[in-house]
Amino acid sequence: MNNFHHKKSLGQHFLKDKNIIRKIVNIAGVQENEQVWEIGPGKGILTEELLNRNCKLTCFEIDDNLYPIIEERFSDRINLIKQDILKADWQKFFSKEKIKIVANLPYQITSPFLFKVVENADKFSKVVVMIQKEVAQRINAKVGTKDYGVLTLKMQFYFNVSYEFTVKPHLFYPPPKVDSAVISLTPRVDKPVIEDEKYFWRIVEISFRNRRKMLRRNLREIISKEKIVKLNESGHIDLSRRGETLNEKEFIILYETIK
Ligand code: SAM
C-alpha cells in the first residue's frame, strides 16, 4: 500500500485528516441505510467513515491499482464500480430512493461531473464535495463579481449552494498546489419553471461569451438587429448592461422577452 504510486493525472490527493473526513460526513448528514455514492474512494479514508454510518455505499473508482486495496479493506461492504464516473451509465445505478453524493473529487473532472449531476438533479438528495477553492467560489459567487458566470447560475438554478469550509494543501498527500473547499448542494424546492431550458441556457451562455461586451453585442449572435432594437424598446432589460450584472430573475425576464 505504501508503494502506491500516486497519479497526478487522476487527481490523486488523498486526505490525511480524519477530522476533516468526519466534518464532511456530518455536513452530508449520512443516515443508516441511505444510498450514498462516493466518487474516487482512493485508499478509503472517507469510505471507512461513510461505512461507520451504516449507509448503502456505491463507490466509483477508475484506477485499477487501487481496486485490490479497496477490496481488501471493504470486501463485500461496498458496491465497487470499476469505472470512470463520467463514462458510467448513471441510470443503471438509480433506484426509487434518492442518493447522496459524498466525495473528495478528482479536481480535473469537477465541471463535467457537476454538469452531469445537474442533468440528473432530481435523483439526488444532497451533494457534498471537496473541490478546488477557486471553483467553489465561482459556484457560490454573487451577481456582479468576477467569479459570477454560467457555472454559478447553473448550480444555483438547481441547488441551494453552501460554501462550507476551506481546506489547506498540507492536509492531503501529496499536497495539491491550491486550496480546496467543501461545498454542499441541496436541490431547490423553488426551482424556476422554464418551458425551454435549453434555449434559456443558450441565452445565458451567449450573454457571458465576451464578458466585456454589452448584452446587445453578445446577443447579436442569436437574434437579429431588428429584434435587438425591439427588445431594447420593450424596456424590460437594459441591453447596455453586461451579462455579469444580471441575476437569475433578470435572465428569466430576458429569456421570456426574447422568446
Ligand atoms: N477519497 C480519497 C481521499 O479522500 O483520500 C481519494 C480522493 S482523490 C482526490 C480522487 C480519487 O478519484 C482517486 O482515487 C482517483 O483515482 C479517482 N478518480 C479520478 N478520476 C476518476 C474518474 N473519472 N472516475 C472515478 N474515479 C476517479
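Lys-18 is partly exposed, because its relative accessible area is 45%. That makes a handy place to start a walk through this structure, which is a predicted model. Lys-18 forms a salt bridge with Glu-48, and the closest N and O atoms of the pair are 3.6 Å apart. The two partners come from distant parts of the chain: Lys-18 belongs to helix 1 and Glu-48 to helix 2, 30 residues apart. Glu-48 is partly exposed too, with a relative accessible area of 29%.

A second salt bridge brings together the side chains of Lys-56 and Glu-97, at 3.4 Å from N to O. Lys-56 sits in strand 3, while Glu-97 sits in the loop between strand 4 (79–81) and strand 5 (99–104), so this pair ties together parts that are 41 residues apart in sequence. Lys-56 has 38% relative accessibility and therefore counts as partly exposed. Glu-97, at 36%, also counts as partly exposed.

Then there is the pair of Glu-71 and Lys-82, whose side chains meet in a salt bridge at 2.9 Å, again N to O. Here Glu-71 is in helix 3 (residues 67–74) and Lys-82 is in the loop between strand 4 and strand 5, eleven residues apart, and the pair is another link between distant parts of the chain. Glu-71 counts as partly exposed at 36% relative accessibility, and Lys-82 counts as partly exposed at 43%. Back with Lys-18 and Glu-48, the story has one more member: salt bridges that share partners join Lys-18, Glu-48 and Arg-73 into one network.

Lys-213, Arg-217, Arg-220 and Lys-225 gather on the surface in a patch of positive charge. One of these residues, Lys-213, is placed in the loop between helix 7 (197–207) and helix 8 (215–219). How accessible is Lys-213? Its relative accessibility is 33%, so Lys-213 counts as partly exposed.

Now for the whole chain. It holds ten helices and nine strands. Its C-alpha trace spans about 70 × 40 × 30 Å along the principal axes. Of the 259 residues in the chain, 49% are buried.

Phe-251 is one example of a buried residue, because its relative accessible area is 0%. Phe-251 lies in helix 10, which covers residues 248–258.

The cysteines come next. How many disulfides does the model have? The count comes to zero. Cys-55 is in no disulfide, as the nearest cysteine sulfur, that of Cys-59, is 8.6 Å away, whereas a disulfide needs the two sulfur atoms to be within 2.5 Å. Cys-59 is likewise in no disulfide, its nearest cysteine sulfur being that of Cys-55, 8.6 Å away. Cys-55 has 9% relative accessibility and so counts as buried. Cys-59 counts as buried as well, because its relative accessibility is 0%.

Asn-33 is not a glycine, yet its phi is positive, near 70°. The residue is placed in the loop between helix 1 (18–28) and strand 2 (35–39). With a relative accessible area of 47%, Asn-33 is partly exposed. Asn-54 has a positive phi of about 60°, and it is not a glycine either. Asn-54 is found in the loop between helix 2 (45–52) and strand 3 (56–60). Its relative accessible area is 44%, so Asn-54 is partly exposed.

Another backbone feature is a cis peptide bond. Which residues does it join? It joins Tyr-173 and Pro-174, with omega at about -15°. Pro-174 is in the loop between strand 8 (172–173) and strand 9 (180–187).

Key: Residues are numbered from 1 along each chain as its sequence is written. This is a predicted model: local features need pLDDT of at least 70, side-chain atom pairs count only at pLDDT 80 or more; totals for chains, interfaces and linings use all residues. Side-chain values use heavy atoms; hydrogens and water are left out. Patches are made of residues with over 30% relative accessible area and no salt bridge: like charges are joined within 9 Å, nonpolar side chains (Val, Leu, Ile, Met, Phe, Trp, Tyr) within 5 Å. Accessible areas come from the Shrake-Rupley method with a 1.4 Å probe; for residues, only the protein chains shown count as cover. A salt bridge is a side-chain nitrogen of Lys or Arg within 4 Å of a carboxyl oxygen of Asp or Glu. Lys and Arg count as positive and Asp and Glu as negative; His and the chain ends are not counted. The place of a charge is taken as NZ of Lys, CZ of Arg, CG of Asp or CD of Glu. Helices (H or I, at least four residues) and strands (E, at least two) are DSSP runs, numbered from the N terminus. Buried means under 20% relative accessible area, exposed over 50%, partly exposed in between (1.4 Å probe, protein chains only).
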